[in-house]
Amino acid sequence: MRSDTRALHRKILITYWVVLCISVIAEMVALYVKFTTEPDRVSEYLVHTMFLPTAIQLLVLGINEVAYRFRIDQPLLIILSGTCIASALMIANKTIHLQYIFLLSLLVSMFYFNIKRLYFAFAVNMAAFGMVYWAFPRIRESMGGYEISAFIFAMVGMLYILRGIIQRGEEILNDLMRMVRSEQELVVKNALMDRMVKIDALTDLYNHKTLHEYLDQLIEQSNNCEMPLQLAVLDIDDFKSVNDTFGHAVGDIILARVASTLKESFSPYEIIARYGGEEFVVIFPGKTLEEAYRETEKARENIWRLGHEEMDGRRISVSIGLAEYRAGRTRSDLFEQADSLLYEAKKSGKNRTMLQAYEVVS
């Protein structure tokens, strides 16, 4: 927001410099005319019409440039500067009706989209016009009642129009903000719904449905690109006795703890899911059977080392069946092979990993 304000101030200051340059050019043209028509009044013109008003404008713009340099971004200073420039130009051209130059800072205030600053600009400009009008008789003489009334009417009318623009802009901005908030809320809701659909609430792992979706995609990729693919099925040993002895609440704690240990044991590239009950599945995309075996053993050992206070410090173990996907086989074939190896691990004494070529016992 601050950088946007600085950019706005830079553009306004450029506009003020352009106004100054135009006024100097106009004064130079008028000076040439003075040389040819009224040479005796050239010195007066140089002092009162060119030098003093231009010096005031340069001083005002110099103050603004210093404030900008030191990042003093004050909208009121910018508005007051426009009023000072308008007053200087009106004083310099006493017989030329330049009172409408006071609309400059009124228009500048609109860019801040702030009603209070608009009213401030209106009040300051009307006060400045009044002081200039009463301080310089030649300006009073050159302006009749009709012109003063027209000026006041134009300022009030511009105030009304700019206020309407700001109010309408605020309404549009509020509508956009509501739309953005609604869209953000919708994105968050969709993300939460997507997570609820894909994630098991108890273990914070992928659920059964999502596992099969990913596995189907990986099998297709494995067939197309000859990517190695392994699948491990893990089952907590004697989990029924945990529920029967310590209750289902403790059983849920154990399931969540095992799930957390699995996430810590495997790399971010593995897909871990709760397959159902006390059974988990891990997919190893792009890894050989030996690499998958080493990671699986690490997870099994980490789980075995856990001590569970809810079970009086007792340990639990997992049995694992690890199968390798072969091109042309189906998802069911892969699961059937992993389940068969898991059964062999259970039958051989539990707390072990079983795969095609060999087994490892704890």
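Reply: Asn 207 lies in the loop between helix H7 (145-198) and H8; helices are DSSP runs of H or I with at least four residues, strands runs of E with at least two, numbered from the N terminus. This is a predicted model, in which local features need pLDDT of at least 70, side-chain atom pairs count only at pLDDT 80 or more, and totals for chains, interfaces and linings use all residues. Residues are numbered from 1 along each chain as its sequence is written, and side-chain values use heavy atoms, with hydrogens and water left out.

Me: Is Asn 207 buried or exposed?

Reply: A residue is buried under 20% relative accessible area, exposed over 50% and partly exposed in between (1.4 Å probe, protein chains only). The relative accessible area of Asn 207 is 15%, so Asn 207 is buried.

Me: With which side chain does the side chain of Asn 207 make a polar contact?

Reply: A polar contact is a pair of N or O atoms within 3.5 Å; within protein, one must be able to donate a hydrogen and the other to accept it, and residues adjacent in sequence count only if both atoms are side-chain atoms. At 2.8 Å, the partner of Asn 207 is the side chain of Thr 210. Among the buried residues of H8 is this residue, Thr 210.

Me: Which residue follows H8?

Reply: The residue after H8 has a positive phi, near 55°. This residue is Glu 226.
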